[in-house]
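User: Hi! I have a structure open here and would like to talk it through with you. Could you take a look?

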Amino acid sequence: MAASKSVGKLVSHVIVDLDGTLLNTDSVANQILKSFLAKLGKKWDSKSAHRIVGRTPLEAAAAVVEDYQLPYSKEEFLSMITPLFADQWCNIRPLPGANRLIKHLRSNGVSMALASNSPKSNIEAKISCHNGWKDSFSAIVGGDEVEKGKPSPDIFLEAARRMNTEPSSCLVIEDSIAGVTAGKAAGMEVIAVPSIPKQVDKFSSASEVVNSLLDLQPEKWGLPPFEDWIEGTLPIEPWYIGGPVIKGFGRGSKVLGIPTANLSAESFSDILSEHTSGVYFGWAALSTRGVYKMVMSIGWNPYFDNTEKTIEPWLLHEFPEDFYGEELRLAIVGYIRPEANFPSLESLIARIHEDGRIAEKALDLPLYAAYRDSPYLTNPLPESNS
Ligand code: ADP
Ligand code: RBF
Ligand code: MG
C-alpha cells in the first residue's frame, strides 16, 4: 500500500537513482550472477539479491564472494564480472513508469539529476541506450566522483550543488535502503520505491513509500501532476500473456465470491519481473468462448500475505461452468492501483468490485476498446504437434 506520512515540504528539484529505480538492473544482474555461479557449481539464490541492491560495485562483489564462499578476492571477482555487465548494459530495461516520469518532469521544466553509486562511465553507458534520457538530466553524479557512496549523503549533496540548489529543495526517488538513508542524511525529502517485495517496513525513514513509479503523485510535493490518468485508469504499453487456466488457492469464489482464472506465474516469471505488482485490466479471450472484459491483480495478495506472486484475472462475465485447463489469453492495457491490504474481507471485496466497475467502464473508451481485436486474442491457437 502507498503508505504516506504527512507529506512534508514542497520541492523544486528531483534527484533519481538509476539501478533498480529507473532501470530493471536486478533482472539482468540476477541472470549474470546465476550463470557465473553455475559455472562454479553454485546456485544463485535471488533471495540474496537484497545484499547487492543499492551497494557500490565493490561492496556488492564483496557480499557475493562472502555469501557464496568464492575462491577469489572481491577485487578479482569484480574484475571478472564487470565485462559481463558491460555486455548487457543495453539489455537493461526501463522499469514501468520510468520513461513517463522522465518525460513528464522534462516537459514541465523541472530540473532533474541522476545520482548513482555506479561509476560515472557506467551510468553514461547505461543511459545512452535510452532515447532522450541523457539530455533530461541537468547533472549526473557517479559513485567515483565523491568520497563515499550511499548510504553517505555525499552523492546527493553533490547533485544539489551541481543543480545550484539547496538540499531542502530536492526530492529523491530511490529503491534501496542505502539510498533512502543517504537522501535523508542529505536533508532531502525521499520517496522510496522498494525493488525488493514485501520489505516495505524497512523503508519507514522515507517520506513516502510507493509501490512503483506508476503510483507517484508529484503534486504532493508541489510538482506538476501527471495528466495521463483517464477515469481512474492509467494507459500502459499493452502486454500479452496466456496459457491454460490452472488451480489457484481455491479461495476466489469461496471466500470472496469473485472467481479468478489463474495463470501459472512461474511460466511468466520473466515478463512478470518487468511489471510491478498491482491491479490491471484489459481483455481476456477463451479460445472456444469469446473475448471478455477483465480486471486482475498481480502480486502477493497482501490481505492473504501469500509467499508466491500470482496472476488473478477476474473475467467480467457470468459463466455457466468452470473452465480449468482451457487456454486463456490476456491483453493487459491499463493500470488501476497498487495491491493493498484491507482492514476487513468486506472492504477487500468492495474494492475489487469497484476495480471491476472502473475496468468495465474504461474498456469502452476507444483507447482501450481497440485492443479487443488484437490478433493475439482473436487468432486461433497454433496447431499442436503433440
Ligand atoms: P482457483 O483458486 O482455483 O483459481 P477460484 O475460486 O478463483 O479458484 O475460481 C476460479 C475458476 O472459476 C476459474 O479457473 C474458472 O474456471 C472459473 N470461473 C467461472 N467464472 C469465472 C469468471 N467470471 N472469471 C474467472 N474465472 C471464472
Ligand atoms: N488481494 C489483496 O490482498 N489486495 C488487493 O488489493 C487485491 N486486489 C485485487 C483486485 C482484483 C481486481 C482482483 C481480481 C483480485 C484482487 N486481490 C487482492 C486478490 C484476491 O485476494 C485474490 O483474487 C484471492 O486471494 C483469490 O486467490
Ligand atoms: Mg483463482
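This is a predicted model: local features need pLDDT of at least 70, side-chain atom pairs count only at pLDDT 80 or more; totals for chains, interfaces and linings use all residues.

User: Good to know. Let's start with cysteines: how many disulfides does the count come to?

Analyst: The count comes to one disulfide. C90 is joined to C129, with an S to S distance of 2.0 Å.

User: What makes that pair pass as a disulfide?

Analyst: The two sulfur atoms have to lie within 2.5 Å, and the C90 and C129 sulfurs are 2.0 Å apart.

User: Is the link left-handed or right-handed?

Analyst: Left-handed, with -75 degrees about the S-S bond of C90 and C129.

User: Where is the line drawn for C129?

Analyst: Buried means under 20% and exposed means over 50%, so the 24% of C129 puts this residue in the partly exposed class.

User: Okay, on to the ligands. Which residues are closest to ligand 2?

Analyst: The closest are R251, N301, Y303, R337 and A340, out of 21 residues that surround ligand 2.

User: What about polar atoms close to its oxygens? I mean ligand 2.

Analyst: There are several to look at. R251 has a polar side-chain atom 3.1 Å from an oxygen atom of ligand 2. For E312, a polar side-chain atom lies 3.3 Å from a ligand 2 oxygen. P302 comes in through its backbone, with an N or O atom 3.1 Å from an oxygen atom of ligand 2.

User: How much of ligand 2 does the protein bury?

Analyst: The protein buries 99% of the 550 Å² that ligand 2 exposes when taken alone. The space that ligand 2 takes is the second largest pocket.

User: Which element gives the most to the shell around ligand 2?

Analyst: That is α10, with three residues. The elements that each supply at least two residues are α8 (252–256), β9 (290–299), β10 (310–315) and α10 (345–362).

User: And ligand 1, where does that sit?

Analyst: Ligand 1 sits in the second largest pocket. Around ligand 1 there are 20 residues, and the closest are G248, G250, S253, F323 and Y324.

User: Which backbone atoms lie close to ligand 1 oxygens, and at what distance?

Analyst: A polar backbone atom of F323 is 2.7 Å from an oxygen atom of ligand 1. For T260, a backbone N or O atom lies 2.9 Å from a ligand 1 oxygen, and for G252 the distance is 3.5 Å, again from a backbone N or O atom. On its own ligand 1 has 560 Å² of accessible area, and the protein covers 93% of that.

User: Which elements form the shell around ligand 1?

Analyst: α8 and β10 are the elements that give two or more residues. The largest share comes from β10, with three residues.

User: I also clicked on H317. Where is its place?

Analyst: H317 is in the loop between β10 and β11 (327–337). This histidine is partly exposed, at 41% relative accessibility. Its C-alpha is 6.9 Å from the C-alpha of Y292, and the two residues are 25 apart in sequence.

User: Last topic: which residues does a cis peptide bond join?

Analyst: K150 and P151, with omega about 15 degrees. P151 is in the loop between β3 and α6 (154–162).

User: Then what is phi for E231 and D305?

Analyst: E231 has a positive phi near 45 degrees, and D305 has one of about 50 degrees. E231 lies in the loop between β6 (208–209) and β7 (234–244) and is partly exposed at 41%. D305 lies in the loop between β9 and β10 and counts as exposed at 52%.

User: Great, thanks!

Notes. Residues are numbered from 1 along each chain as its sequence is written. Chains are lettered from A and ligands numbered from 1 in the order in which they are written. Side-chain values use heavy atoms; hydrogens and water are left out. Buried means under 20% relative accessible area, exposed over 50%, partly exposed in between (1.4 Å probe, protein chains only). A residue is near a molecule or strand if one of its heavy atoms lies within 4 Å of it. A polar contact is a pair of N or O atoms within 3.5 Å; within protein, one must be able to donate a hydrogen and the other to accept it, and residues adjacent in sequence count only if both atoms are side-chain atoms. Accessible areas come from the Shrake-Rupley method with a 1.4 Å probe; for residues, only the protein chains shown count as cover. On a 1 Å grid over the protein atoms alone, a cavity is a set of points where a 1.4 Å probe fits but cannot get out, and a pocket is an open set with protein on both sides within 12 Å along at least five of seven lines; lining residues have an atom within 4 Å of a point. A molecule sits in a cavity or pocket if more than half of its atoms lie within 2 Å of its grid points. Helices (H or I, at least four residues) and strands (E, at least two) are DSSP runs, numbered from the N terminus.
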